[in-house]
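Student: I would like a close look at a single part of this model, followed by an account of the chain around it. Please state the cut-offs as you go.

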Amino acid sequence: MKKIEAIIKPFKLDDVREALTEIGVTGMTATEVKGFGRQKGHTELYRGAEYVVDFMPKVKIELIVSDDQIESCLGAITEAARTGKIGDGKIFVSAVERVVRIRTGEEGDEAI
């Protein structure tokens with residue numbers, strides 16, 4: 001099993017969710033986050049004062065998938081989240097040792 005964490009632009013969340021649903025992913029978690037990378041923020045004008053916005057609003061999605069789903073998930077997220085502009089985001093993949101469904105006690109792939 002693998003954990004996929006993807007940092008994407010907020011307006012791409014619905015597109016990514018739909019793409020993942022189409023390939024059979026049954027659940028994910030989405031969190032509003034802030035951060036920066038090469039985008040490095042920007043300046044804004046508010047009531048006549050200019051200020052720097054260092055942290056850009058992003059959405060982090062997290063999902064656990066079986067090993068055989070990993071490539072299709074990465075492809076779906078990449079295609080759905082891509083705008084071609086700086087700040088499209090990143091995807092991180094890590095190993096998951098164990099998953100337990102609290103309600104039933106199921107473990108492993110059955111618990112996903």
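Is Ser94 buried, partly exposed or exposed, and what is its relative accessibility?

Tutor: This is a predicted model, in which local features need pLDDT of at least 70 and side-chain atom pairs count only at pLDDT 80 or more, while totals for chains, interfaces and linings use all residues. Residues are numbered from 1 along each chain as its sequence is written, and side-chain values use heavy atoms, with hydrogens and water left out.

Ser94 counts as partly exposed because its relative accessibility is 31%, where buried means under 20% relative accessible area, exposed means over 50%, and partly exposed lies in between (1.4 Å probe, protein chains only). The residue belongs to strand E6, residues 89–95; helices (H or I, at least four residues) and strands (E, at least two) are DSSP runs, numbered from the N terminus. Setting aside residues up to four places away in sequence, Ser94 touches Met1, Lys2 and Lys3, contact being defined as heavy atoms within 4.5 Å. Between Ser94 and Lys3 the C-alpha to C-alpha distance is 5.2 Å, although 91 residues separate them in sequence.

Once neighbours within four places in sequence are left aside, Ile4 is in contact with residues including Ile61, Leu63, Cys73, Ile77, Phe92 and Val93. Ile4 is also one of the residues that touch the most other members of the largest nonpolar core, which has 18 residues; Val16 and Leu20 are among the others. Such a core is a set of buried Ala, Val, Leu, Ile, Met, Phe, Trp, Tyr and Cys residues joined through side-chain atoms within 4.5 Å. Two or more residues of this core come from each of strand E1 (2–8), helix H1 (13–22), strand E5 (56–65) and helix H2 (70–81), and H2 gives the largest share, seven residues. In soluble globular proteins, nonpolar side chains tend to be buried together.

For the protein chain as a whole, two helices and six strands follow one another in the order β-α-β-β-β-β-α-β. The radius of gyration, taken over C-alpha atoms, is 17 Å, well over the 13 Å that the globule rule gives for 112 residues, so the chain is more spread out than a compact globule; that rule is 2.2 Å times the number of residues to the power 0.38. Along the principal axes, the C-alpha atoms fill a box of roughly 60 × 30 × 20 Å. Of the 112 residues, 30% are buried, and among contacts between residues at least 6 apart in sequence, 71% join residues at least 24 apart.
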